[in-house]
Amino acid sequence: MKISRTAAFTALNSARSDRANATKRFVVRSLTKSGAVSKAPLTQQDMRNNAFAEKADADARALALAELNPGYSFVVTAL
């Protein structure tokens with residue numbers, strides 16, 4: 001059976017993404033008005049931009065997001 005280049009690329013890219021996400025342990029999440037952590041599901045963009053292997057990196061991202069978005073609160077949670 002012959003596999004198309006597009007299917008092969010999709011499978012390899014998906015596997016690469018899964019391996020990268022497996023090393024991430026902390027994610028920056030927003031807080032709701034009541035102070036609870038947002039229950040919105042994590043998207044691929046969230047995993048790419050807001051998930052980190054080290055807590056210090058996640059804390060730095062939370063501070064940067066707070067500076068860019070006054071009036072919103074962000075917290076670091078474990079995955």
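The model is a predicted one, in which local features need pLDDT of at least 70 and side-chain atom pairs count only at pLDDT 80 or more, while totals for chains, interfaces and linings use all residues. Residues are numbered from 1 along each chain as its sequence is written, and side-chain values use heavy atoms, with hydrogens and water left out.

The chain holds three helices and three strands (DSSP runs of H or I with at least four residues, and of E with at least two, numbered from the N terminus). From the N terminus, these elements follow the order α-β-α-β-α-β. The radius of gyration, taken over C-alpha atoms, is 16 Å, well over the 12 Å that the globule rule (2.2 Å times the number of residues to the power 0.38) gives for 79 residues, so the chain is more spread out than a compact globule. Along the principal axes, the C-alpha atoms fill a box of roughly 55 × 25 × 20 Å. Of the 79 residues, 18% count as buried, meaning under 20% relative accessible area with a 1.4 Å probe, protein chains only.

Ser38 sits in the loop between β1 (26–30) and α2 (44–50). With a relative accessible area of 19%, Ser38 is buried. Leaving aside residues up to four places away in sequence, Ser38 touches Arg29, Ser30 and Thr32 (contact means heavy atoms within 4.5 Å). A polar atom of the Ser38 side chain also lies 3.4 Å from the backbone nitrogen of Ala40.

Note on methods: Buried means under 20% relative accessible area, exposed over 50%, partly exposed in between (1.4 Å probe, protein chains only). A polar contact is a pair of N or O atoms within 3.5 Å; within protein, one must be able to donate a hydrogen and the other to accept it, and residues adjacent in sequence count only if both atoms are side-chain atoms.
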